[in-house]
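Trainee: Hi! Could we go through this model together, a bit at a time?
Mentor: Happy to, let's bring it up.

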Amino acid sequence: MSNTGQIRLEEDEKHILDAIPFCTAMLDGKFRLMFCNSLLQTRVGAKNVDELILNRPGDGGHCINTKDGLKCGSTNKCRECSLNNFLLSYDASKPASLECQVINSINDIISTLELKIHIRPVTIKDRRYSMMVLENINEIKQKELLNKTFIHDVLNTACGLTSLVEYIKMSDDISDYGEYIKLMQRQTQYIIEEIQAHRSLINSGDNVTPLPSYCVTGDIIATSLEIMKHYASLHNVTIEVEHDSFENAVAHCDPTLARRVLVNLFKNAVESASDGEIIYAGCKTFDEMAVFYIKNSTVMDEETKNSIFNRIFTSKQSGSGIGTLSIKFLTEKYLHGNVYFQSEPESGTVFYITVPLANSAEASEYIAS
């Protein structure tokens with residue numbers, strides 16, 4: 001044993017640790033790394049184990065909050081870290097497990113890791129340590145999120161259908177019933193399309209482009225608005241498309257998933273709008289991307305701005321936070337786009353969704369078909 005307390009393992013003991021199919025580390029009483037297996041060393045990009053000795057998990061794992069010389073457990077963000085709080089409350093005499101999310105940065109590449117952490121007391125060479133095993137559950141969590149967002153989004157479409165029925169019940173003019181029936185048929189078809197799209201996503205496995213297709217941006221806005229406009233009416237809110245500045249284009253993305261994203265945006269905007277408010281929507285093209293936007297007058301506070309895409313965050317009293325997660329998850333993973341927002345007193349809140357435009361040859365072929 002060196003004066004640092006590092007474990008000096010025999011070759012057969014190292015082979016045992018290396019045989020564990022998960023990143024594994026031995027921690028001292030202050031949760032500093034004393035030794036790890038080769039898999040963990042490789043995953044964090046360490047040349048040798050000495051680079052990791054006496055580091056806490058966030059330091060050795062390149063947690064994004066340990067930049068600029070900051071140490072794991074010492075920053076303000078560490079107070080909110082579930083892993084840090086788990087270690088601080090850990091009873092070193094008992095085994096324990098935790099699921100947590102870690103954002104790290106290795107070689108300027110930022111990654112979000114979903115981990116299940118198992119920690120067990122062990123004794124090696126008459127010294128007591130805690131063995132920490134890190135199980136990557138990204139794929140499991142992704143499937144869970146995919147299913148949760150699907151249930152949430154198909155309910156949004158069903159909610160639009162229900163709102164249409166309620167609107168019909170309130171109407172005194174029966175001359176429009178034929179058109180209402182057509183709307184109901186289309187919204188029922190949208191639900192079927194969402195179910196079919198979800199089935200394709202499940203069957204696609206790790207393939208992030210399971211539904212390669214094209215759509216006209218104006219059609220996506222129109223169908224999303226069709227689903228949500230009666231829901232907005234029941235909330236005494238109006239949605240208007242800014243046609244004067246609207247740029248219609250062919251986007252290279254799946255129309256069903258794009259519609260799910262915009263329906264979420266419309267629904268969130270309606271539920272945060274003031275009584276009698278007008279919500280504006282539109283689409284522009286910029287730098288080979290189609291940029292959808294939806295804006296209302298509500299201004300977010302700083303806490304909401306900083307937490308809007310967190311998994312468990314919602315600004316609604318009875319919300320789940322899944323809507324904004326669905327927007328980000330579907331846009332970035334399956335539509336190959338981006339989502340961002342601005343929220344200022346002068347302009348209210350504007351959400352932007354970008355998706356790739358089809359090139360001119362693809363667009364011409366799509367329109368011709």
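Mentor: A hairpin of three residues joins strand E11 to E12; strands (E, at least two residues) and helices (H or I, at least four) are DSSP runs numbered from the N terminus. One note before we go on: this is a predicted model, where local features need pLDDT of at least 70 and side-chain atom pairs count only at pLDDT 80 or more, while totals for chains, interfaces and linings use all residues. Residues are numbered from 1 along each chain as its sequence is written, and side-chain values use heavy atoms, with hydrogens and water left out.

Trainee: Got it. How many bridges do E11 and E12 pair over?
Mentor: Seven, in the antiparallel sense, with E11 covering residues 338-344. Strands count as paired if DSSP finds at least two bridges between them. Gln342 has Val350 in E12 as its bridge partner.

Trainee: And which way does E10 run against E12?
Mentor: Antiparallel, with eight bridges joining E10 (residues 289-296) to E12. Tyr293 stands opposite Tyr352 in E12.

Trainee: Is E12 mostly covered or open?
Mentor: Mostly covered: nine of the nine residues in E12 (348-356) are buried. Buried means under 20% relative accessible area, exposed over 50%, and partly exposed in between, using a 1.4 Å probe and protein chains only.

Trainee: Switching topic, where is Thr66?
Mentor: Thr66 sits in the loop between helix H3 (57-60) and helix H4 (82-88). With a relative accessible area of 15%, Thr66 is buried.

Trainee: What does the side chain of Thr66 reach?
Mentor: The backbone oxygen of Cys63, at 2.7 Å. Leaving aside neighbours within four places in sequence, Thr66 is also in contact (heavy atoms within 4.5 Å) with Gly58, Asp59, Lys71 and Cys72.

Trainee: What about His62, what is its phi?
Mentor: Near 60°, a positive value in a residue other than glycine. His62 lies in the loop between H3 and H4, and counts as partly exposed at 31% relative accessibility.

Trainee: And where does Leu54 lie?
Mentor: In the loop between helix H2 (38-43) and H3. Phi of Leu54 is near 70°, again a positive value in a residue other than glycine. Leu54 is partly exposed, with a relative accessible area of 32%.

Trainee: Last one: which helix holds Leu234?
Mentor: Helix H7, residues 217-234. Leu234 is partly exposed, at 37% relative accessibility.

Note on methods. A polar contact is a pair of N or O atoms within 3.5 Å; within protein, one must be able to donate a hydrogen and the other to accept it, and residues adjacent in sequence count only if both atoms are side-chain atoms.
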